[in-house]
Amino acid sequence: MPRILVIDDDPAISELVAVNLEMAGYDVSQAEDGIKGQALALQLQPDLIMLDLMLPRVDGFTVCQRLRRDERTAEIPVLMLTALSQTQDKVEGFNAGADDYLTKPFEVEEMLARVRALLRRTDRIPQAAKHSEILNYGPLTLVPERFEAIWFGETVKLTHLEFELLHCLLQRHGQTVSPSEILREVWGYDPDDDIETIRVHIRHLRTKLEPDPRHPRYIKTVYGAGYCLELPSVPPSAEGVSTSAVE
């Protein structure tokens, strides 16, 4: 039974979330502030953390950053639940390390769909390891077992989401992939009108892979249509690749 930790200071919301998760077959623990939430995350090692942002003692952004810096919790998926709905709030949440972001008020079925999608994606080796799909082209080779990319001969550590996003683009190398297709394949749920989720993770990938992330050479935006991965067919030398991107 997957264990989910709910960190939220609103008793009504926390109980609503917990009851519906338990009815769906999950083992649920709860914490009402950031310090207790972080401590329980370390103690319980849950399969998923649902994290409010406006928390007493320590806010959710800080909690998420601390969880990502600790190797014991770095890979636990985090679904942020918050009343903060501005684009900048979402960007800050993703930059802090969140995997997904759900704005209050929300439908219970949507919440459960997001939970299932996150657990499906992180409870396995990536799809790339299970199918005879494209794992390399030109200067890029994906290593599913370690969530790494070999990029111009250098090893680059990726998050689960970054790996899945790069794999999605690699499967359609040279083609434009629409935001809705990316959301369905990588995040595992039907798309909505907000593609800020994709933009933030594309930006993170560019920071790791592009010599100049502000002027991308390989991960290109096709305005109004989506994103396209364009790589040379023969690996050139690694000269010009940003060494700061390699972890």
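1. Basis of the note. This is a predicted model, in which local features need pLDDT of at least 70 and side-chain atom pairs count only at pLDDT 80 or more, while totals for chains, interfaces and linings use all residues. Residues are numbered from 1 along each chain as its sequence is written, and side-chain values use heavy atoms, with hydrogens and water left out.

2. The sheet. Five strands form an open sheet with parallel pairing, in the order E2-E1-E3-E4-E5. Strand E2 (27–31) and strand E5 (100–103) are the edge strands, each pairing on one side only. From one strand to the next the twist averages 20°. Strands here are DSSP runs of E with at least two residues, helices are runs of H or I with at least four, and both are numbered from the N terminus; two strands pair if DSSP finds at least two bridges between them.

3. The E1–E3 pairing. Strand E1 (residues 3–7) pairs with strand E3 (residues 48–52) in the parallel sense, over four bridges. Valine 6 stands opposite methionine 50 in E3.

4. Helix H1. Helix H1 (residues 11–23) has 13 residues and spans 18 Å from its first C-alpha to its last, close to the 18 Å expected at 1.5 Å a residue; the expected span is 1.5 Å times one less than the number of residues. Ser14, Val17, Ala18, Asn20 and Leu21 of H1 are buried, where buried means under 20% relative accessible area, exposed over 50% and partly exposed in between (1.4 Å probe, protein chains only). An α-helix has 3.6 residues a turn, so residues three or four places apart point the same way. At the start of H1, a side-chain oxygen of aspartate 10 comes to within 3.0 Å of the backbone nitrogen of alanine 12. Just after H1, glycine 25 takes a positive phi of about 100°.

5. Aromatic pairs. Rings of Phe, Tyr and Trp (its six-membered ring) pair if their centres lie within 6.5 Å; planes under 30 degrees apart count as stacked, over 60 as edge-to-face and the rest as tilted. By this rule the count comes to five aromatic pairs. Phenylalanine 94 and tyrosine 101 form a tilted pair, 6.3 Å centre to centre with 50° between the planes. Phenylalanine 94 is buried at 2% relative accessibility, and tyrosine 101 is buried at 3%. Tryptophan 151 and tyrosine 218 form an edge-to-face pair, 5.2 Å centre to centre with 90° between the planes. Tryptophan 151 lies in strand E8 (residues 148–151) and tyrosine 218 in the loop between helix H8 (196–209) and strand E11 (219–222), so this pair ties together parts 67 residues apart in sequence. Ring pairs link Trp151, Phe152 and Tyr218 into a cluster.

6. Backbone points to inspect. Phenylalanine 152 has a positive phi of about 55° although it is not a glycine, and is buried, with a relative accessible area of 8%. Arginine 57, in the loop between E3 and helix H3 (60–69), also has a positive phi, near 75°, but is exposed at 59%. The peptide bond from lysine 104 to proline 105 is cis, with omega near -10°; proline 105 lies in the loop between E5 and helix H5 (108–122).

Methods:
Axes fitted to C-alpha atoms, helices over the stretch in contact; angles between N-to-C directions. Polar contact = N/O pair within 3.5 Å; in protein donor to acceptor, adjacent residues only side chain to side chain.
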